[in-house]
Amino acid sequence: MKYLPLAALLLLAVPASAQPVTVPGLGTIDFPNSGSDAAQEPFIRGVLLLHSFEFGPAARAFRQAQEADPGFAMAYWGEAMANNYPLWRTKREDDARAVLARLAPSPEARRDKAGTEREARYLDAVEALFGDGDKRAQDLAYLDAMTTLHAAFPEDDEARAFLSLAILGSTNGERDFATYMRAAATAQPVFDRNPDHPGAAHYLIHSFDDPVHAPLGLPAADAYAEIAPEAAHAQHMTSHIFVAMGKWERVVTANIRAMDVQDAMRADSGQPPNACGHYSSWRHYGHLMLGQLPDAESLMDACHEQILSGDSGDWFYFVTMRARHVVDTEDWTLTSRWQAEPPREQTLSNPSSVYGGPYFTYMVTDALAELMQQDHSIAELLHGSDWGDYPGRRLQLKQLRGLWLIKEGQTDDGLALLEEAALEDAALPFAFGPPAIVKPGYELLARQLERAGRDAGEAWRQAGLHTPGRPLAQPMSTLGSN
């Protein structure tokens with residue numbers, strides 16, 4: 001692929017016909033538009049960043065395009081789109097509407113500023129995305145608008161790529177195999193025509209992000225890091241496929257790259273490195289799976305320090321890293337090393353929160369550690385009435401009670417509860433990445449069956465299906481007793 005220097009990009013004429021454009025480090029797209037010559041480079045850069053979910057830098061790029069061409073409607077479209085996080089269950093409606101209002105005061109007036117009918121359809125879509133109704137109604141209206149745009153301009157690969165993302169976003173981040181396969185079928189032709197398209201690779205990875213379909217996403221994962229080496233999220237995103245396939249070395253490498261890119265961007269804005277975030281959490285999990293405990297402990301220490309300092313540490317990542325480290329190593333003493341109890345209000349009320357929120361996860365980890373080290377009453381946690389009846393919380397409490405019954409000598413009753421919890425865990429959608437439950441249900445059941453001298457073969461088989469390549473999801477005879 002030929003890379004155009006920045007000076008050449010700035011001199012691009014308004015394309016009368018399709019012309020692929022590459023921004024080094026971010027990828028290649030073909031997006032003819034009515035913007036001025038000076039608006040081309042920041043606009044194309046913004047779209048490429050948008051495809052890699054680098055929403056802040058994308059918004060800044062679109063504002064640069066607006067400065068170069070104040071009447072360029074698609075630059076406002078792009079900045080508004082940077083306020084939608086379709087797979088993160090949220091959007092910034094007021095900010096997006098404020099962006100659109102800078103273009104013109106009404107949807108009709110904004111549509112009139114579109115340079116072409118095709119661009120007007122893009123504006124129609126963003127108006128639907130931030131229009132009337134609740135988030136679900138908006139997302140479905142946006143999907144309809146993008147479907148209409150794609151039907152009207154089937155040769156527009158950007159419309160096809162954004163339609164794929166709209167299909168994924170229509171489930172509000174909930175896994176639905178039929179929907180995800182439809183999104184993959186929409187993105188695949190773009191990737192086939194343009195293997196350097198960051199959105200096509202990105203949306204294919206999201207579509208195949210589970211242990212069943214992950215091998216189908218491997219070509220996109222292999223490509224994406226090279227397509228967009230200057231996008232931290234692109235570097236990380238490849239590891240979704242690697243986790244689902246148990247490729248732990250590649251999980252670590254991908255997230256080291258993601259952290260390096262993110263930290264370089266933070267340094268440019270005067271911020272310290274982020275030791276307690278999404279990328280460090282996945283890297284930490286990869287080290288654990290490889291048995292690289294010094295590396296994992298170093299990351300955990302840095303995250304703990306950041307939380308204690310109050311320097312923008314994320315409680316969710318701290319407690320999930322802590323839980324995985326303590327539970328997967330079975331070094332129960334580590335709970336005292338990494339103490340930093342989240343505020344109680346950090347227990348989320350969102351039914352889709354499998355972990356149940358930072359405070360709940362912190363309490364579960366401590367209770368499990370105490371239970372494994374001594375005869376300890378965990379009745380307060382087990383019988384608490386304020387946790388809410390959410391699947392992830394309920395099954396983790398069931399796991400704790402099952403272990404407690406086993407320690408009390410009620411082995412049959414305890415194993416029965418662990419089997420119920422394993423069935424509930426298996427009924428949940430596959431996690432997007434590391435296991436969402438602190439100790440995967442079938443893995444815990446198999447280990448306890450084995451320790452009780454019972455047949456654990458089927459439980460181990462199920463554990464391997466749900467978390468492929470996870471070292472702890474196999475019989476102790478292959479690992480050595482721990």
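The side chains of Glu 93 and Arg 97 form a salt bridge, with N and O 2.9 Å apart. A salt bridge here is a side-chain nitrogen of Lys or Arg within 4 Å of a carboxyl oxygen of Asp or Glu. This is a predicted model: local features need pLDDT of at least 70, side-chain atom pairs count only at pLDDT 80 or more, and totals for chains, interfaces and linings use all residues. Residues are numbered from 1 along each chain as its sequence is written, and side-chain values use heavy atoms, leaving out hydrogens and water.

Glu 93 and Arg 97 lie four residues apart in helix H5 (residues 93-103), so about one helical turn separates them. Helices (H or I, at least four residues) are DSSP runs, numbered from the N terminus. Glu 93 is partly exposed, at 24% relative accessible area. Arg 97 is partly exposed too, at 34%. The cut-offs are these: buried is under 20% relative accessible area, exposed is over 50%, and partly exposed is in between (1.4 Å probe, protein chains only).

## Other salt bridges

The whole structure holds 27 salt bridges. Side chains of opposite charge can pair when their charged atoms come close.

Glu 41 pairs with Arg 45 at 2.8 Å, N to O. Both sit in helix H2 (residues 37-51), four residues apart, or about one turn of the helix. Glu 41 is buried, with a relative accessible area of 8%. Elsewhere, Arg 111, Glu 117, Arg 121 and Asp 124 are linked in a network of salt bridges.

## A link across the sequence

Glu 330 forms a salt bridge with Arg 451, and their closest N and O atoms are 3.6 Å apart. Glu 330 lies in the loop between helix H17 (315-329) and helix H18 (334-337), and Arg 451 lies in helix H23 (residues 441-451), so the pair ties together parts 121 residues apart in sequence. Glu 330 is partly exposed, at 23%. Arg 451 is partly exposed, at 38%.

## Nonpolar cores

A nonpolar core is a set of buried Ala, Val, Leu, Ile, Met, Phe, Trp, Tyr and Cys residues joined through side-chain atoms within 4.5 Å. The largest has 92 residues. Phe 31, Phe 43, Trp 77 and Phe 162 have the most contacts inside it. Helix H9 (residues 157-169) gives the most to this core, with eight residues.

Terms used
Helix = DSSP H or I, 4+ residues; strand = E, 2+ residues; numbered from the N terminus.
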